[in-house]
Each structure stands twice: as C-alpha cells, then as structure tokens.
Amino acid sequence: MNIHEYQAKSLLETYGVPVLRNKPVFSAEEAGHFAYHDFISNGINTIVLKSQIHAGGRGKGIVYDVATNQQIDIDGKPLRGVNVVTGGNVADKAYQIAKKTMGNKLVTLQTGEEGKIVRRMLIEEGAAIEKEYYLSILLDRATSKNIILVSTEGGVEIEKVAEETPEKLITEYIDPAVGFTEFQARNLAFGLGLSGDAYKNFVAFLPKLYTAYEDLDCSMLEVNPLIITKDQKWIVLDAKVSIDDNAMFRHPKLALLRDIEEEDPLEVEASKFDLNYIKLDGNVGCMVNGAGLAMATMDIIQLSGGSPANFLDVGGGANVERISNAFRIMTSDPNVKAVLINIFGGIVRCDRVANGILQALQKVTVNVPVIVRLEGTNAVEAREILKNSGMKFLVADTLANAAKRVTEALS
C-alpha cells in the first residue's frame, strides 16, 4: 500500500526522524489560512506547496485543466506540482496556487499523459539546503536481506544514476540475524564523503529511519532528496513509503491511510474479492491460478502478437464466485479484445473449474472470444465439458496451442 508524502512524514516523525514544519490542506481556502496562521505568523516567509499524488517527478510535472486539457499557467509560467512561494503576499499566493491546482490533473513522467487529479496538497517551510542526497531502504529478494542504498546524487531519478554513474551508489546489506549496526551507518557515511558534524549527525539519523522501516513493515522507504542544511542537520525533504500488503493485518490503523482515489478503480474492485489483479495496457485479459503461471501466460500472450491487459491470479480456489468476479472485472476494461483462461488443476480439479466457468458465464455477459487452457487433474474431462457446452469457447490443450488461439482471436 502506498501512502502520501504528508502521511509518510507524520509516521517518520514519531520515530524521531527530522522533517520540516508541514501541514496538509484539502482546499484553496485551507491553503491560504494555514499559510498565514501556521507559517507566516511564526516568522516563516518561504513556503513550498506540493501536490499530493502517488507518483514521482512532481517538481517537473505540469498542471492541466481537467475540463479543457489545457496547460495552466501562473505568473506567465507553467504551474508545477511543486511550487516555492516567497516574498510578499505569501498566503494569497498559496491560495491562488492551490485554487488552480486542486481538482485539476498533474502530469509527470510517471503518470503518463492521463495524469492524476490533485485532491490534496502539502504546505512545507523552506529550508537552507547545503546539499541533496538520495537514500532508500528496501528488500533485496536475491539475498533475502534488507538493503540500504545511498548516493550523493539526490533529487534526480535513481535509475538514471544507476545507469550512468553506478559508482555513485553505495550499499549496505543488513543481516536479519544481526540487524542494522552502527559500523554499517559509519560505512555509508564514509561512502558519502561525510566528516565532522555532518558525519556524526548522519550516523545518529540513520538508525531512526531503519527502525521506522522495520516497525512499519515497509516494502520500500525512499527519501529523495535527503538534505543536509547549512547547520549540518539531516532532514527528510521528500519521502515515499510503501507498506507490505501482507503485513497490513498487523497495522489496522495504517490501513486507514489508504487513498483508493489514487488507485486504479478495477484494482480496487478486485481487492474486494481477494483477487490479485493489476491492470496493464494490453488487449488480452488473462485469468490464471498461480503467480508463476500468470507470468508465463503473459509471455505467451506477448509472443502470440497480443499484449496482456492485466495480471490476474485467482489463487488455488478457483470457484464460481471468484471466476465470475474475475470475468466481470477483466471485461470492464474496454481495451480487452480477448480473454485467455489458463488454469492448472492441482488443488482444484479441472472439471470443477470448467463447470465453474460455465456457471460464471451465466452470470456475466462476455462479448469477446474466450480461450481456455486447462491442464492437470481431470483435464480431459474438463475439455469435453467445455466442448459440449454449446458455448463458443476456443479450447487449447497446450501453451503453444493457447498462443495460436490468441492469435486467431485477435485477427
């Protein structure tokens, strides 16, 4: 589960991680009000307004009018997702920026042309930045260890750094039997070329961040940029936190932070029925049991000349209700021109799956070709059930045959 920047900073602050004074706002009126009462009245004359969406690249992103799809300008310049406001009339400027931003869409490199609607913003005080760094903590599945990654190249896409200057990436793998140690914090500090107060403060700062990562069951915690100020203090300037969905049962309060308006509507609907569904941009809907088989099925679709419209794992218990909901959700995507069902009968028998498919199609109207490949226990009986159903299935008995059927369905 992804959360917004302001939510991430609120959580990190409880672990003693330093963040700047900030305030989330949900209307232009709140932006103007809090800019004055929470910032200007406290002697803060430089503030930053940040659009809160689940996507990166907000600083370079441009706000577009959602009705006309025209770029919105302010003071003769494109309105961005992150805006620094200083000088006179700060509260009025904050109001104007929020008014032009909220309810409209922000287009960044990560959102694509469709952009994302901005429904909330974050007001934050300005900072005297000496240098920007990059830091992230995540699980390295190849080693089954958490990894801390830091770089002197903060504020830019880490993928670009990894590709062009990989020597600027410094890593530490955390042994789960030992945990994060102080000497590893020192190694990272030396790797960044730190000394003096900057070094000492970094070594004290890093364990707090790692504790937050573990306690919150994060799948990723990214700080970009992590800044050091003129007085050698480390501050989280931007934070992206993703919480492991499998650990949410331990964090019922964190579940309240979910913003379903930032998620794909079909993925939200699928989650109601415990379906592992991820929407993609292709034209062939696929329904599979098992993540590995799902990946192989997506490859088969691609090799056949199609493109997967989704990842959908219905799990071991492919019963009538799950199949019905899977069909309904898949075919709600207007891009789907064919459906490929690829089920291996291990936990569940293939003949039961076949009967489940027939019963599901009595509840859901499907107007695109349906290719079915069932293999495993009672697969022969299952294929006979489908062939004798009177419905126009394209039945495949091998993966190669399934690919051929997909090609035929799309032609």
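This is a predicted model: local features need pLDDT of at least 70, side-chain atom pairs count only at pLDDT 80 or more; totals for chains, interfaces and linings use all residues.

Tutor: Residues are numbered from 1 along each chain as its sequence is written, and side-chain values use heavy atoms, with hydrogens and water left out.

Student: In what order do the strands of the 4-stranded open sheet lie?

Tutor: Helices (H or I, at least four residues) and strands (E, at least two) are DSSP runs numbered from the N terminus, and two strands pair if DSSP finds at least two bridges between them. Here the order is β1-β9-β2-β6, with antiparallel pairing. Strands β1 (22-25) and β6 (82-85) are at the edges with a single partner strand each, so one side of each has no neighbour in the sheet. Within the sheet, β2 (residues 47-51) and β9 (residues 121-125) are joined antiparallel over 5 bridges, and lysine 50 is opposite leucine 122 in β9.

Student: Which strands does helix α2 lie across?

Tutor: Contact means heavy atoms within 4.5 Å. Axes are lines fitted to C-alpha atoms, for helices over the stretch in contact, and angles run from 0 to 180 degrees between N-to-C directions. Helix α2 (residues 28-39) lies across β1, β2 and β9, at about 160° to β1. Helix α3 (residues 90-101) lies across β2, β6 and β9, at about 10° to β2.

Student: Which residues have the most contacts inside the largest nonpolar core?

Tutor: In soluble globular proteins, nonpolar side chains tend to be buried together. A nonpolar core is a set of buried (under 20% relative accessible area, 1.4 Å probe, protein chains only) Ala, Val, Leu, Ile, Met, Phe, Trp, Tyr and Cys residues joined through side-chain atoms within 4.5 Å. The largest core has 43 residues, and Leu135, Leu194, Phe202, Phe205 and Leu209 have the most contacts inside it. Helix α6 (residues 196-215) gives the largest share of this core, 10 residues. A second, separate core of 35 residues includes Ala270 and Val395.

Student: Which residues lie nearest the centre of the second largest pocket?

Tutor: On a 1 Å grid over the protein atoms alone, a pocket is an open set of points where a 1.4 Å probe fits, with protein on both sides within 12 Å along at least five of seven lines; lining residues have an atom within 4 Å of a point. Of the 13 lining residues, Ile74, Asp75, Asn83, Val84 and Ile97 lie nearest the centre. Helix α3 supplies the largest share of the lining, 4 residues.

How values were computed
Buried means under 20% relative accessible area, exposed over 50%, partly exposed in between (1.4 Å probe, protein chains only).
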